[in-house]
Amino acid sequence: MPNVTDVTVADDLPDPAKLIACPQCDALHLDADLPIGSTSRCVRCHTVLESPRQLALTRIVMLAAAALILMIAAIFFPFLELHAAGRIQRSSLLDTVMAFSTGMTAPLTLAMAALIVILPVTRFVSLIYVLAPMAFGWTPARHASRAFRIAEALRPWAMAEVFIVGVAVALVKVAGLAHLSIGPAFWAFVALVIVTVLKDNFMCRVTVWKTLEQRRPS
Amino acid sequence: MENTRTAPPVLTARAAGLIGCTQCGRVQTPGEARCIRCGSVLQSRDEASLQKVWAWFFAGLVVYVPANIYPMLRTSSLGKTTDSTILGGVIDLIHHGSVGIALIVFFASIVIPVGKFIAIAYLALSIRHRVKLSDHRRHVLYEVVEFVGRWSMIDVFVVAILAALVQLDFAASINPGIAAVSFALSVAFTMMSAQSFDPRLIWDANKGNPA
């Protein structure tokens, strides 16, 4: 934990701009520029404060773009195929979303579409919008702050990886009933989840905000 | 200066008369309504945090009841229709011999939701009352609750996939039951409850100046 020191005495408080408060527990730390690859943690609650990584912005943009393409593939290719009683039942991601569309469960259709497709896509698009200009070294796009705030707020609600585990459970449940085969969209979706996890690991919220602030034309 | 020492008097932004942004960590003088770095709404402490936590908590609890009573899955096979609840689905899986998957579903749809209700209530109560767990333990508990909440959605997704896949008319078809809606709502409400919790309150509480 180099370069970050906790502040214990109120008298010698430096300029607020040189301090960082732990977002989780509010403990004050001196905010120095971290070397690439190091991680600073809160002295009290050990939450990661900052972890700048080599080329992180470029990588996040690339991974978000890859995720977008994979999502398109995942939507349009067949997801799972069921062979039973001489019939083949194909279902795509859209069919899964539409599964609740009849009867009393109709409101869930919207929620499913949001959790699996719409919110993840919104996150990818807004991350590209915010970070691509940063990666090229340009000034931030208009409303970049708002877009990044939205992307961060949506993070817990984009449930692609939860959905994949759900698919695995469903496969086992059906396996006894019929023969199942996995379509290309399934693999696209698995790749999408891996890419998303990689991307979120590279991303350090505080570093992104600082970069946005530095590049902002004043 | 190294910060390996664990001297308790850590100065918080609030104690220093400043406000820390929960989004980007920027410290600023009071008077700003929004963070000058990221534009998030600034609050030294979320005064209404506990109220929101309890409101979402009880909303989640109320819809969790029908989620367990009503059928989650409606399976019709050769003209015979069977309903299965969440717990019934787990028991079915064990009968099929897939104990591992049964465990995943059991954890995701029973242990995690119930554990989350208990953990959120405990955290919220611990702000006003003395409890045994140390600040640090409670902070870890909070992080676990935040992280784990969304995984409860597994069962709703399973129902959706099964219903989309198994539509073989007379031979077999699976349709979602009404419990899927209330379960999904319960998960969403408890996620909102956990998100409304201001973890800074955990660390304030032992100093005798809550909220």
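In this predicted model, the buried residues of helix α1 of chain B are B:L50, B:V53, B:W56, B:F57, B:G60, B:V63, B:Y64 and B:A67. Among the elements that cover them are α2 (86–96), α3 (99–128) and α6 (179–196) of chain B. Chain B also touches chain A, in a contact that takes 57 residues from chain B and 61 residues from chain A.

**Helix α1 of chain B**

- Helix α1(B) runs over residues 49–69 and has 21 residues.
- From its first C-alpha to its last, α1(B) reaches 31 Å, close to the 30 Å expected at 1.5 Å a residue.

**Packing of α1(B) with α6(B)**

- Two packed helices are described by the angle between their axes and the distance between the axes.
- For α1(B) and α6(B), the axes come within 8 Å and cross at roughly 165°.
- Angles over 145 degrees count as roughly antiparallel, so α1(B) is roughly antiparallel to α6(B).
- The crossing of α1(B) past α6(B) is left-handed.
- On the α1(B) side, the contact is made by B:S49, B:K52, B:V53, B:W56, B:F57, B:A59, B:G60, B:V63, B:Y64, B:P66 and B:A67.
- On the α6(B) side, the contact is made by B:A179, B:S182, B:F183, B:L185, B:S186, B:F189, B:T190, B:M192, B:S193 and B:S196.
- By class, the residues of the contact of α1(B) with α6(B) are 13 nonpolar, seven polar and one charged.
- B:W56 and B:F57 are among the residues of α1(B) that are buried, and both take part in the contact with α6(B).

**Contact between chains A and B**

- The contact draws 57 residues from chain B and 61 residues from chain A.
- Helix α5 (residues 154–165) of chain B gives the most to the side of chain B that touches chain A, with nine residues.
- That side of chain B has 38 nonpolar, 15 polar and four charged residues.

**Packing of α5(A) with α5(B)**

- The axes of α5(B) and helix α5 (residues 160–175) of chain A come within 8 Å and cross at roughly 55°.
- This angle makes α5(A) oblique to α5(B).
- α5(A) and α5(B) cross in a right-handed sense.
- From α5(A), the residues A:V162, A:F163, A:V165, A:G166, A:V167, A:V169, A:A170, A:K173 and A:V174 take part.
- They meet B:I154, B:F157, B:V158, B:I161, B:L162 and B:L165 in α5(B).
- The contact of α5(A) with α5(B) divides by class into 13 nonpolar, one polar and one charged residues.

Note on methods. Residues numbered from 1 in each chain as written. Chains lettered and ligands numbered in written order. Predicted model: local features only at pLDDT ≥ 70, side-chain atom pairs only at ≥ 80, totals over all residues. Helix = DSSP H or I, 4+ residues; strand = E, 2+ residues; numbered from the N terminus. Expected span 1.5 Å × (residues − 1). Buried ≥ 20, exposed ≤ 12 C-beta atoms within 10 Å, placed from the backbone. Contact = placed C-beta atoms within 7 Å. Nonpolar A, V, L, I, M, F, W, Y, C, P; charged D, E, K, R; others polar. Axes fitted to C-alpha atoms, helices over the stretch in contact; angles between N-to-C directions. Parallel < 35°, antiparallel > 145°, perpendicular 65-115°, else oblique. Left-handed = near helix turned anticlockwise from the far one by under 90°.
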